[in-house]
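Reader: Could you walk me through this structure? I have not seen it before.

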Amino acid sequence: MTEEIQNKKSEHPTDEQQRVVIVGGGLAGLSAATALLGRGFKVDLIESRRQCGGRAASFEDSEDGSLVDACQHVAMGCCTNFLDLCEQTGLGHYLRRDRTLWFIGPDGSRSACTPAGWVPAPLHLVPLLFGMNHFSLLEKAALSWGMVRLAVRQKLGEGDSELTAAQWLRSRQPERVIQLFWQPVIESALGESIDFVGITAVRKVVVDGFLAHPKAADLLVPTEPLGEIFGEKLVAWLRGQGAAVHSGQAATGIQYDESGKATGVLCGQDVLWADAVVLAVPWRAAKRLVPKLLPPVDESFVGSPITAVHLWFDQKIFDLPHAVLVGRVSQWVFQGEEDESARNEKACHAQPKDVEHHCQVVISASRGICDGNRDKLLETVVNELQEIFPAARGARLIRSRIVTDPTAVLSVRPGIDRVRPNQKTPVENLFLAGDWTQTGWPSTMEGAVRSGRLAASQLLELAHMKNDCVVKDLHKNAFIRLLVGQ
Ligand SMILES: Cc1cc2nc3c(=O)[nH]c(=O)nc-3n(C[C@H](O)[C@H](O)[C@H](O)COP(=O)(O)OP(=O)(O)OC[C@H]3O[C@@H](n4cnc5c(N)ncnc54)[C@H](O)[C@@H]3O)c2cc1C
């Protein structure tokens, strides 16, 4: 359902309430809207697609009409703002918390790696790091030392921040540890190859995602389709709080007055008058809408691809909630959530007919994978699953679908943080948001939510209001603070 844009160019609203127009209904725009509601603003959100959610989206399965995520998204325990947004809007229970990370080594060995919950950080990581069966004791020790070295701020000197992860790691870590830990972990956390990603971004993952807190590395897995959680439920929450959400409407320009202040957002012939604008669109769209306000994004901003291989088998092929497959083309495999009808059928003790079991293999930094040959990719992934999971050998693959987003995330290369723009722009009442803006975080759901909250904070500051939108990181104990230099 969408709400018509009411105001034609001639109809400037006369109401007293400050009106904020948010362009872009991805997590950045949705979080900005959530932060501003209840603070006396009238919020309008414009989204060009039929459904909000942006890249955290689902498609309708052509076979049974159910929603399937274009690509599995996960968050980590350290994603405090994303989690806070979900809690605030009543969506927290749609996230399953997996404390155990399941690794499957190149030899097929399974490792259940669970951080300890009862010892102070960083000791909580000992069972996780030393639980990886595919490493020797020496390799485990090297990996742990590598983490500490990376975390110690003084060791990461000025010059180091210009290095890629591969450049930093190759002179400091055994090749096998790079291949079987750093590469899969970095590529899945940052969505980019270790050959391109900057070591500073990796340090953030190590410190915030592993060392900082016993809950930092918890995996948060959505239990319902993203399209339902963000596209429907979050939008319903916003509407319930008084926001107007105009989906299927693309912003075509920003309108300014003679002093250079933004006065509205153009959608073709219509204008939505605004006292302030939050532009929460991807960088290419932002460049079209506000070219003068952005740094040279074309040269510095590169997207990194992520591929999801969706597989529907005639039986369940593995018994884990997820698994990290190291040393293979497939990087992660996730068990599909059983849909409502299947659950109901079971509840009625009916014999489910033609039940399909969905699972999804995710491959980050997937450029050039299997030479771009989709049949070869499908064959490779299925072969790998059959090697690892005995049940897959006897299962029939009913159907499959490969979804690649060529610019899934911003490639966080060395020096990128110098050009990521702040949410505040030279136009006093126009703010930027989006996972590509300056958040200190990689391009993730947490980064997007933070950017929306940072934009909202700047807007509140302009309005001389309390700007406490961004919640704190997980608490770091004194030892960790000393270690990382905070
Ligand atoms: C395949 C894939 C896998 C990923 N996996 C993970 C993961 O596991 N964990 C994680 O944390 N992150 C993951 N991400 C990243 C995460 O999805 C993004 O970081 C986040 O969703 C970005 O949100 P955003 O609001 O900044 O941008 P977007 O989601 O891109 O939202 C921008 C919105 O603006 C709209 N728009 C554009 N132009 C206009 C216009 N002119 N007018 C109106 N609206 C407009 C777009 O339609 C879009 O809805 C993944 C991304 C992809 C693609």
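This is a predicted model: local features need pLDDT of at least 70, side-chain atom pairs count only at pLDDT 80 or more; totals for chains, interfaces and linings use all residues.

Reader: Which residues come nearest to the ligand?

Author: Glu47, Arg55, His73, Val74 and Asp435 come nearest, out of 34 residues around the ligand. A residue counts as near if one of its heavy atoms lies within 4 Å.

Reader: What classes of residue make up that shell around the ligand?

Author: The shell has 18 nonpolar, 11 polar and five charged residues. Ala, Val, Leu, Ile, Met, Phe, Trp, Tyr, Cys and Pro count as nonpolar, Asp, Glu, Lys and Arg as charged, and the others, Gly among them, as polar.

Reader: Which backbone atom is 2.8 Å from an oxygen atom of the ligand?

Author: That is a polar backbone atom of Arg55. A polar backbone atom of Val74 is 2.8 Å from a nitrogen atom of the ligand. For Ala251, a backbone N or O atom lies 2.9 Å from a ligand nitrogen atom. The protein covers 91% of the 1,000 Å² of accessible area that the ligand has on its own (Shrake-Rupley method, 1.4 Å probe).

Reader: Changing topic, how many salt bridges does the structure hold?

Author: The structure holds 26 salt bridges, each a side-chain nitrogen of Lys or Arg within 4 Å of a carboxyl oxygen of Asp or Glu. One of them joins Arg418 and Glu162, with the closest N and O atoms 2.9 Å apart.

Reader: Is Arg418 buried or exposed?

Author: Arg418 is exposed, because its relative accessible area is 63%, whereas Glu162 is partly exposed at 40%. Buried means under 20%, exposed over 50%, and partly exposed in between (1.4 Å probe, protein chains only).

Reader: And which residues make the nonpolar surface patch?

Author: Leu123, Val126, Phe130 and Leu137 make that patch, of about 370 Å². Patch residues have over 30% relative accessible area and no salt bridge; like charges are joined within 9 Å and nonpolar side chains (Val, Leu, Ile, Met, Phe, Trp, Tyr) within 5 Å.

Notes. Residues are numbered from 1 along each chain as its sequence is written. Side-chain values use heavy atoms; hydrogens and water are left out. A polar contact is a pair of N or O atoms within 3.5 Å; within protein, one must be able to donate a hydrogen and the other to accept it, and residues adjacent in sequence count only if both atoms are side-chain atoms.
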